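Here is a friendly briefing on the aromatic side chains of one protein model. Have the structure open as you read.

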Amino acid sequence: MPKKKTILHGSLPNIPWEDRPDGCDEVVWRYSHNPVIPRDLIPCSNSIFNSAVVPFEDAFAGVFRVDNKCRNMQLHCGRSKDGLNFEIDVEPIRFVCSEPEIAVFVEGYDPRVCWLEDRYYLTWCNSYHGPTIGVAYTNDFRKFHQIENAFLPFNRNGVLFPRKINGKYAMLSRPSDTGHTAFGDIFYSTSPDMVHWGCHRHVMAPKAGKLTWQCVKIGAGPVPIETTEGWLLFYHGVLLSCNGFVYSMGAALLDIDKPWHVIYRTKPYLLSPQKLYECVGDVPNVVFPCATLHDASTGRIAVYYGCADTLTSLAFCYVDELLDFIKSNSEL
């Protein structure tokens, strides 16, 4: 019998879930009651999107990108009993930071949250003379301790791996520029202490020269999931249409010990902007994955993704089906 393809860690019996609808043959399907987080959930919000959700104390917590009505990009903490209905703090996170040089918060967006060793680490696009990767940690989703930025400007989409690899902390990122970057490859970096980052390795590039869903730029999405087949990475890809950028979601399988080596990578997208809430908003035509929940015992994966830079939705898949799809529909 073929080897069973499984998620190696993470039992989550209370994972939010909805079975694939009748007549649907897609490997990833949307929650029928999307969006799960509307743009106006709290009084100050213009939009809530590109956010991170993790299991916490038999329920769920997370960090959410909230653009307020002044259109300032802020990070807010939030909680949910079921992963579907959220309460988000009205006040943004106030980081505890011992370094005055980086403690002045200008703006923050597109957070990811990763349980690593004994705490939850938060990475986000921080502003320090341009966009870079901010890093902080928390144990209770009340107090957040900011440490050094991971990289020099300009960088985005900093995503930690959930364990050390070859004895070092590991992070994916996407070097960029000062604006709405029209390029972008994914890189892999390591650190002995979560402060000093180096040993950078190229992971993968857009499909340059091809008019595909990922021909302009790509960026890491949720924290990679460790499976028996390799690291499962959801990522976003961008094409440039006559109406601007279009963001879609794909997936890749990375080598367990050398994650900068891509084993398989989806040629077709898994999810693209097709529903009204994905196509219409402050930035049209955006599907932007930022977080997953997964249950090793059932192989279920729930994917939280931002829609049109306005609100947050949810999609589902099974890990075995997804890995088979990636391997059968791959183009490196």
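**Aromatic contacts at a glance**

In this predicted model, the charged end of R119 sits over the ring of Y137, 4.4 Å from the ring centre (NZ of Lys or CZ of Arg within 6 Å of the ring centre and within 35 degrees of the ring normal). Local features need pLDDT of at least 70 and side-chain atom pairs count only at pLDDT 80 or more, while totals for chains, interfaces and linings use all residues. Residues are numbered from 1 along each chain as its sequence is written, and side-chain values use heavy atoms, leaving out hydrogens and water.

**Pairs and cluster**

- The count of aromatic pairs comes to 23; rings of Phe, Tyr and Trp (its six-membered ring) pair if their centres lie within 6.5 Å, with planes under 30 degrees apart stacked, over 60 edge-to-face and the rest tilted.
- One aromatic cluster is formed by F56, F95, F105, W115, Y120, W124, F141 and F144.

**W17 and W29**

- W17 and W29 make an edge-to-face pair, 5.6 Å centre to centre with 80° between the planes.
- W17 lies in the segment before β1 (29-30) and W29 in strand β1, so their pair ties together parts 12 residues apart in sequence; strands are DSSP runs (E, at least two residues), numbered from the N terminus.
- W17 is buried at 17% relative accessible area, and W29 is buried at 2% (buried means under 20%, with a 1.4 Å probe and protein chains only).

**F64 and F86**

- F64 and F86 also pair edge-to-face, at 5.6 Å centre to centre and 70° between the planes.
- This pair links distant parts of the chain, 22 residues apart: F64 is in strand β3 (residues 59-68) and F86 in strand β5 (residues 86-88).
- F64 is buried at 0% relative accessibility, and F86 is buried with a relative accessible area of 8%.

Key:
Helix = DSSP H or I, 4+ residues; strand = E, 2+ residues; numbered from the N terminus. Buried < 20%, exposed > 50% of the residue type's maximum accessible area, 1.4 Å probe, protein only.
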